[in-house]
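I opened the notebook to record what I looked up in this structure, entry by entry. Each entry begins from something I wanted to find.

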Amino acid sequence: MYLDIQRIKAEITMEHILGHYGIGIQLRDVGTNRLSGCCPIHHGDNPNAFHVDLKRNLFHCFTHCGGGSIFDFVMKIEQMDFYSAARKIWETFYPSSSSAPASPASRRFKFNSNFTHGADTPFLLQHLYLTDNLFRRPGVPILKLQITHPYLEKRNISPSLAMSFHMGYCKHGIMKDRIAIPIIDAERHIVAYAGRAVHDNQSPRYLFPKNFKKSQYLFNIQNITPKSNKPVFLVEGFFACIHIVKAGLDAIALMGTTVSPHQLSLMKEARKFYNVMLDGDEAGRKATPIIENKLNLFQIPFRTVNLMDGKQPDQLENDYLKAIENEYREK
Ligand SMILES: [Zn+2]
């Protein structure tokens, strides 16, 4: 059987393992990238026995289980030898690759519905990413995000919607006092966070990491339904995209008003029909014919939906969006 230990070491984290066993949720946040709780291996009741270091991918049980890496954790919890544990991790996270490595994108989207998001648990801890089988590119920070915030409410983003986009309000760190929105590539790697300002006097409105190239990615590309003939809305911004997804439709965002050759090739690879719908403002109107030209050059099938002056996609009713989709289908 094919088994790539190096790939497991490079990609699978304690977050993934804890998420898989449903343990992450029982642990509490005890400092930067650290979790603590009862030991899931020996099932003791000391709430401080078990510690996890998310950054170094290590765990430790101070009662008597000892600690180690993800392999040690699975060996201990499953009472297996190293090889069996490695095989179990491989089969869990790379299910379709018993003979060859699969694209992580082939893993199913799994949402942890057991998580309650009442006022007492407002934090979206990083380990919840796990339930979605997301990975993090090296250098992407571990952020602690709050899924309830007045700004999210203002943009009609419920806690569960925030959670499904892994976004939330960030109190500290590089995205301090912003809504952090992860940008995820088609292979389900978080490549960066965009930080949306929550106050009018905050500048810039969107903060991206230094050297991050928006032009290399399309927001929400990882959630485009494969093998369906559903058209995909192409919009400018994050919130427009999220709004359309909320209506049950497929959408991606350029994160601006320009489209790069790389973005065009990503769109072409996805083999979709696109409804190009930029904002109903001057920037959107100017950009539309330029984008149309480029789509034509790349022979990407599309049509344009022009919005009325002052309208943005996130102000559109669900029925209106669905009507646009159906119009395409009927052809
Ligand atoms: Zn223990």
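Is Gln79 buried or exposed? I found Gln79 to be exposed, because 10 other C-beta atoms lie within 10 Å of its own (a residue is buried with 20 or more other C-beta atoms within 10 Å, exposed with 12 or fewer and partly exposed in between, the C-beta atoms being placed from the backbone).

Before going on, I noted that this is a predicted model, in which local features need pLDDT of at least 70 and side-chain atom pairs count only at pLDDT 80 or more, while totals for chains, interfaces and linings use all residues. Residues are numbered from 1 along each chain as its sequence is written.

**Overview.** I looked up the protein's elements and noted ten helices and 16 strands (DSSP runs numbered from the N terminus, helices being H or I with at least four residues and strands E with at least two). Of the 331 residues in the protein, buried ones make up 35%. Among contacts between residues at least 6 apart in sequence, 53% join residues at least 24 apart, a contact being two residues whose C-beta atoms, placed from the backbone, lie within 7 Å.

**Helix 3 and its surroundings.** I then returned to Gln79, which sits in the loop between helix 3 and helix 4 and follows helix 3 with a positive phi near 50°. The axes of helix 3 (residues 70–78) and helix 4 (residues 82–93) come within 9 Å and cross at roughly 105°; these axes are lines fitted to C-alpha atoms over the stretch in contact, with angles from 0 to 180 degrees between N-to-C directions. The two helices are therefore roughly perpendicular to each other (65 to 115 degrees; under 35 counts as roughly parallel, over 145 as roughly antiparallel and the rest as oblique). On the side of helix 3 the contact is made by Ile70, Phe71, Val74, Met75 and Glu78, and on the side of helix 4 by Phe82, Ala85, Ala86, Lys88 and Ile89.

I also listed the buried residues of helix 3, which are Ile70, Phe71, Phe73, Val74, Met75 and Lys76. What covers them includes helix 2 (14–20), strand 4 (58–61), strand 5 (66–68) and helix 4.

**The cores.** Which residues touch the most other members of the largest nonpolar core? Of its 52 residues, they are Ala180, Phe219, Leu234, Val235, Cys241, Ile252 and Ala253 (a nonpolar core is a set of buried Ala, Val, Leu, Ile, Met, Phe, Trp, Tyr and Cys residues joined through C-beta atoms within 7 Å). Domain 2 (123–212) and domain 3 (221–330) both give residues to this core, so it lies between them; the domain bounds come from an automatic or database domain assignment. Apart from it lies another core of 27 residues, among them Ile17, Ile23, Cys65 and Ile89.

**Backbone details.** Most residues other than glycine have a negative phi, and most peptide bonds are trans. I noted that Asn211, in the loop between strand 12 and strand 13 (232–235), has a positive phi near 70°, and that Asn211 counts as exposed because it has 6 C-beta neighbours inside 10 Å. A cis peptide bond joins Ser203 and Pro204, with omega about -5°, and Pro204 lies in the loop between strand 11 (189–197) and strand 12 (206–207).
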